[in-house]
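I opened the model to look up helix packing and the nonpolar core. My notes follow in the order I took them.

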Amino acid sequence: MSEAFEQMNQFFNELDGLKLVERKSYIGGGVRRENSAEHSWQLAMAAWQLARRFDLALDEEKLLKMALVHDLGEIDAGDTFLYATERADAHIAERNGVLRLAEHPGNTVPELTEVWDEQESGVSPEARLLKVVDRILPLLLNIESEGRAWRDMGVKAGQVREKHAFIADEFPDLHGWLMQKIERAIALGWLPE
């Protein structure tokens with residue numbers, strides 16, 4: 001039994017690597033960049049809140065599990081900035097990282113890869129909500145930090161509108177509110193046209 005606990009401990013140490021993956025978004029109004037573990041926690045909380053806000057008929061346990069595994073592949077692959085041109089193959093490297101974790105002798109969750117695949121595919125109600133929340137959180141952090149990551153990375157308003165357009169189909173009211181945030185960021189000079 002001691003060996004099983006040691007393997008589990010090693011697996012936990014592997015998961016700890018998510019805290020070392022630095023994202024582009026700044027937290028605390030620009031104090032520092034967030035890491036992927038922090039993002040995953042906020043993603044879970046925000047998705048849970050929005051599921052309740054919109055009274056969505058979905059499986060909350062499934063939603064939270066998806067949020068927890070959402071960025072695990074970044075332990076190996078790193079984070080890919082939303083507006084980066086080399087995003088097309090990011091999911092392949094991330095999935096390979098998830099497969100490595102799933103095969104770890106300390107992992108006791110056999111459906112780890114299956115849950116990751118489902119959140120990545122975006123077809124279930126839980127996965128669709130997660131994609132929306134994953135998209136809006138960095139936008140809201142950019143608003144809070146006066147567009148710091150957008151300015152650092154040379155992001156333009158058209159790019160932000162394009163990456164958030166799909167939300168109009170899922171949650172029109174939420175999308176309208178986000179567009180107001182974007183227009184305010186433009187007016188204040190945080191996001192150039």
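**Entry 1: Asn142.** I started at Asn142, which lies in helix H7. I take helices as DSSP runs (H or I, at least four residues), numbered from the N terminus. This is a predicted model, so I kept the limits in view: local features need pLDDT of at least 70, side-chain atom pairs count only at pLDDT 80 or more, and totals for chains, interfaces and linings use all residues. Residues are numbered from 1 along each chain as its sequence is written, and side-chain values use heavy atoms, with hydrogens and water left out.

Is Asn142 buried or exposed? Asn142 counts as buried, because its relative accessibility is 5%. The cut-offs are under 20% relative accessible area for buried, over 50% for exposed and partly exposed in between, with a 1.4 Å probe and protein chains only. I then listed its contacts (heavy atoms within 4.5 Å). Leaving aside neighbours within four places in sequence, Asn142 touches Gly147, Arg148, Ala149 and Trp150.

**Entry 2: Trp150.** I followed the contact on to Trp150. Not counting residues up to four places away in sequence, Trp150 touches Tyr83, Leu139, Asn142, Ile143, Val155, Val160, Ala185, Trp190 and Leu191.

**Entry 3: the core.** Next I looked up the largest nonpolar core. Such a core is a set of buried Ala, Val, Leu, Ile, Met, Phe, Trp, Tyr and Cys residues joined through side-chain atoms within 4.5 Å. The largest one has 46 residues. Which of them touch the most other members? They are Leu72, Leu129, Val133, Trp150, Val160, Leu174 and Leu191. Elements giving two or more residues to this core are H2, H3, H5 (90-102), H6 (112-121), H7 (125-144), H9 (157-164) and H11 (172-187). H7 gives the largest share, nine residues.

**Entry 4: H7 with H11.** I checked how H7 packs. Its axis and that of H11 are 11 Å apart, at an angle of about 30 degrees. That makes H7 roughly parallel to H11. Axes are lines fitted to C-alpha atoms, for helices over the stretch in contact, and angles run from 0 to 180 degrees between N-to-C directions. Under 35 degrees counts as roughly parallel, over 145 as roughly antiparallel, 65 to 115 as roughly perpendicular and the rest as oblique. From H7, Val132, Ile136, Leu139, Leu140 and Ile143 meet Leu174, Trp177, Leu178, Lys181, Ile182, Arg184 and Ala185 of H11. By class, I find 10 nonpolar, no polar and two charged residues in this contact. Ala, Val, Leu, Ile, Met, Phe, Trp, Tyr, Cys and Pro count as nonpolar, Asp, Glu, Lys and Arg as charged, and the others, Gly among them, as polar.

**Entry 5: H6 with H7.** The axes of H6 and H7 come within 7 Å and cross at roughly 65 degrees. The two helices are therefore roughly perpendicular. Glu118, Gln119, Glu120 and Ser121 of H6 face Ala127, Leu130 and Lys131 of H7 in the contact. The classes here are two nonpolar, two polar and three charged.

**Entry 6: H2 with H3.** H2 (residues 36-53) and H3 (residues 60-69) pack at about 155 degrees, axes 8 Å apart. That makes H2 roughly antiparallel to H3. H2 contributes Ser40, Leu43, Ala44, Ala47, Trp48, Ala51 and Arg52 to the contact, and H3 contributes Glu60, Leu63, Leu64 and Ala67. I note eight nonpolar, one polar and two charged residues.

**Entry 7: Phe12.** Last, I looked at Phe12 in helix H1 (residues 2-15). Phe12 counts as partly exposed, because its relative accessibility is 44%. Phe12 and Asn107 are 95 residues apart in sequence, yet 8.7 Å apart in space, C-alpha to C-alpha.
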